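Subject: Structure handover

Hello,

Here is the structure you asked about, with its sequence. My notes on what turned up in it follow below.

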Amino acid sequence: MKTTLLLLCSALLLPMAARGQAIDEQSRATLSSPDKRLELSIYQKRFPQGKRELYYTLSYKGRPVVRESALDLELDNHLSESAMALKIDRHDKWFDNLAITAVSGGGKDTSWKPVTGERAEIRDHYNTVAIAMVKDDNPMYRVTLEARAYNEGVALRYFFPENEKGTYYRVKRENTEFAMPAGTRAWFHGWAQAPYQLLPLKDWPDESERPLTLELPGGLYVNLLEAQMVDYARTKFKLSATKADTIVTSMHDPADLISPFATPWRGIMVAETPGRLAENSHFILNLNEPSRIKDESWVKPGKIMRVMTQTTKDARANIDFAARHGLQYILFDWKWYGPAFSFDSDATKVAIPDFDLPGIIQYGKERGIGVWLYVNQQALLAQSDTLFQTYRDWGVKGVKFGFVQVGSHRWTTWVEKAIRQAADAGIMVNIHDDWRPTGEQRTWPNLLTSEGVRGNEEMPDATHNTVLPFTRYLAGAADYTICYYDPRIKTTHAHQLALAAIYYSPLQTLYWYDKPEMSDHGPELEFWDRIPATWDETRVPQGQPGQFVTTARRKGAEWFVGTITNNDSRKLKIKLDFLDKGRQYVAHIYADDPALDTKTKVAVRKMKVDSTTVIDASLLASGGQAIWLRPAQ
């Protein structure tokens with residue numbers, strides 16, 4: 001058996017006199033990651049009057065990562081129980097009388113190829129344990145605690161098998177604790193598009209979004225995340241009101257469910273460096289179901305720009321610019337079909353003058369440029385049953401969902417249904433505003449990207465940009481909407497260039513606030529012209545959230561490297577040891593040069609390099625550097 005599963009058969013109860021509790025050692029299960037570095041221990045405690053509680057701990061190389069923490073769900077099924085003449089559960093806590101009936105272990109080691117992704121192949125390798133439980137006074141209620149241990153982290157969830165009496169379930173709260181070592185700090189952000197603050201685990205101004213990255217004393221990095229949240233309510237993180245240094249899950253609202261069902265995975269990623277944490281962004285995907293799209297050939301990643309002035313003339317100009325600069329799509333943003341917040345607007349009819357949409361779609365098709373359309377939630381709610389098929393018939397490639405409501409169980413199930421409806425019609429999707437993915441891209445690869453990020457719509461500073469690779473991007477692709485010419489940008493132009501390599505999105509928005517006439521077609525644009533939107537390999541060789549980051553990505557034989565600093569100037573060394581040994585490359589280096597007499601002040605130079613080369617990067621405050629590496633001829 002691959003799983004390291006320890007069942008201690010002794011029935012000895014070790015007294016815990018301080019609280020009148022005792023660990024039932026017979027209940028303990030210990031699960032190790034394949035590389036043996038992570039160890040998850042799950043056990044039950046008995047309290048006076050026979051009450052029971054579940055707990056877990058997590059360690060890395062013997063070092064505590066999560067101290068003793070409670071596992072708990074609060075359910076209230078009394079209305080369903082009453083309506084169906086079933087026994088009503090009267091326990092103060094639903095988990096009070098769960099008895100463990102069986103413990104089983106196993107493992108898996110397979111690989112899969114994503115349609116779009118940061119690597120060509122993803123290994124899905126874990127050990128697992130399942131702890132089956134039943135209410136000792138009501139055998140119709142059964143639940144299994146499932147746990148997985150990967151080299152990248154561990155994950156836990158509850159599975160409720162089909163209820164023999166047919167009762168329904170109402171999950172009111174999920175009280176999963178994460179008791180962290182004293183001195184832990186969190187990259188707190190109160191909503192999906194919020195700025196970040198590095199805070200201790202006390203006096204938070206609000207609940208924090210997920211994923212939540214933690215810096216532990218002694219140098220370990222942890223990320224708490226939610227995966228496969230497709231039929232549930234969004235769960236953020238709050239501080240415990242009674243336990244120091246302890247984070248607790250906080251559901252947005254109750255979830256009303258029918259068995260069989262599983263709660264979302266609670267993931268705990270652990271790494272020795274921030275870069276390794278970022279490299280393991282596939283962890284959340286492995287906690288989701290395989291693709292449900294049989295023929296994925298129509299899912300085409302690419303780069304996209306928004307048409308700022310929605311007229312036929314401007315649309316053609318944007319198509320011409322996109323074709324010249326290696327983009328694949330253009331987007332018509334909101335109000336093309338009328339007031340976006342009104343149910344009276346019909347998203348199958350153009351509502352602005354001088355906008356020949358069929359002609360524009362055909363013009364783009366002739367030049368290899370596809371068209372995406374924005375649709376606000378009001379129109380999606382009213383028309384999604386037929387809207388995507390209509391767009392498919394028009395030749396539209398994708399839809400950007402706008403101002404999507406998030407958090408509640410209702411809106412979670414609605415957006416998942418809309419993604420599926422789009423997939424059924426062969427339409428790709430980009431979800432904007434406060435919604436964040438939980439790994440759905442594996443199941444529905446037509447979901448190319450989503451916002452849920454403080455990007456260039458709000459023009460954050462360079463320091464914020466250095467935090468994102470180690471926080472938001474662990475949830476999956478993000479549509480940061482990169483700009484280049486807009487004067488409101490708070491970074492250098494080389495910094496913006498580099499973001500296309502650092503930030504992953506298989507639908508990569510470039511020139512967000514820009515217009516074709518703003519461009520002087522400078523030579524540095526070849527970096528964006530050449531860069532792909534998906535990758536065969538990704539490395540994050542150096543970085544520290546809030547300070548700097550270097551990301552290197554490979555497509556075929558070519559590499560694209562981005563480096564950015566925070567609001568401070570910085571000197572960094574870029575090692576090229578990821579290149580094939582014994583092979584020469586031509587490096588095209590794009591760097592800020594204030595002395596240059598150009599609009600963007602980005603200098604381009606070339607040099608021969610190999611895997612032993614170290615490039616010195618002298619970064620301006622809020623600056624960056626981009627490198628395109630291709631094999632020498």
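How many nonpolar, polar and charged residues does the lining of the second largest cavity have? By class there are 4 nonpolar, 2 polar and 5 charged residues. Please keep in mind that this is a predicted model, and that every value here is computed from it.

The cavities

In total, the structure holds 8 cavities of 30 Å³ or more. The largest cavity has about 100 Å³ of space. The residues lining it are Glu118, Ala278, Ser281, Pro469, Tyr473, Leu474, Ile502, Tyr504, Thr538, Val540, Thr551 and Arg553. Two elements, β30 (537–544) and β31 (548–555), are the ones that give two or more residues to this lining. Sorted by class, the lining of the largest cavity has 7 nonpolar, 3 polar and 2 charged residues.

The chain as a whole

The protein chain contains 11 helices and 37 strands. Its C-alpha atoms fill a box of roughly 80 × 60 × 45 Å along the principal axes. For 633 residues, a compact globule would have a radius of gyration near 26 Å, and the protein chain agrees with this because its own value is 26 Å.

Of the 633 residues in the protein chain, 61% are buried. The chain exposes about 24,300 Å², and carbon and sulfur atoms supply 50% of that area. As for contacts between residues at least 6 apart in sequence, 70% of them join residues at least 24 apart.

Backbone points to check by eye

Most residues other than glycine have a negative phi, and most peptide bonds are trans. The following places depart from that pattern.

- Proline 211 sits in the loop between β15 (197–200) and β16 (212–215).
- Serine 259 and proline 260 are joined by a cis peptide bond, with omega about 0 degrees. Proline 260 belongs to the loop between β20 (255–257) and β21 (261–262).
- Glutamine 49 has a positive phi, near 65 degrees, and is a residue other than glycine. You will find glutamine 49 in the loop between β4 (38–46) and β5 (52–60). Its relative accessible area is 76%, so glutamine 49 counts as exposed.
- Histidine 521 has a positive phi of about 55 degrees, although histidine 521 is not a glycine. The loop that holds histidine 521 runs between β29 (507–509) and α11 (526–530). With a relative accessible area of 28%, histidine 521 is partly exposed.

Two buried loop residues

Asparagine 97 lies in the loop between α1 (78–83) and β8 (98–112). Is asparagine 97 buried or exposed? Asparagine 97 is buried, because its relative accessible area is 4% and the cut-off for buried is under 20%. Not counting residues up to four places away in sequence, asparagine 97 touches Arg52, His91, Val134, Lys135, Asp136 and Asp137. Asparagine 97 and alanine 262 are 165 residues apart along the chain, and their C-alpha atoms are separated by 20 Å.

Valine 299 is placed in the loop between α3 (283–286) and β23 (302–306). Its relative accessibility is 5%, so valine 299 also counts as buried. Which residues is valine 299 in contact with, leaving aside its neighbours within four places in sequence? They are Val115, Met428, Pro445, Asn446 and Leu448. Between valine 299 and glutamate 272 there are 35 Å in space, C-alpha to C-alpha, and the two are 27 residues apart in sequence.

Regards

How values were computed
Residues numbered from 1 in each chain as written. Predicted model: local features only at pLDDT ≥ 70, side-chain atom pairs only at ≥ 80, totals over all residues. Heavy atoms only, no water. 1 Å grid on protein atoms, 1.4 Å probe; cavity = no way out; pocket = protein on both sides within 12 Å on 5 of 7 lines; lining within 4 Å. Points joined across faces, edges and corners; volume = space filled by probe spheres on them. Helix = DSSP H or I, 4+ residues; strand = E, 2+ residues; numbered from the N terminus. Nonpolar A, V, L, I, M, F, W, Y, C, P; charged D, E, K, R; others polar. Rg over C-alpha atoms; globule rule 2.2 N^0.38 Å. Buried < 20%, exposed > 50% of the residue type's maximum accessible area, 1.4 Å probe, protein only. Contact = heavy atoms within 4.5 Å. Areas by Shrake-Rupley, 256 points an atom, 1.4 Å probe, with all protein chains shown as cover.
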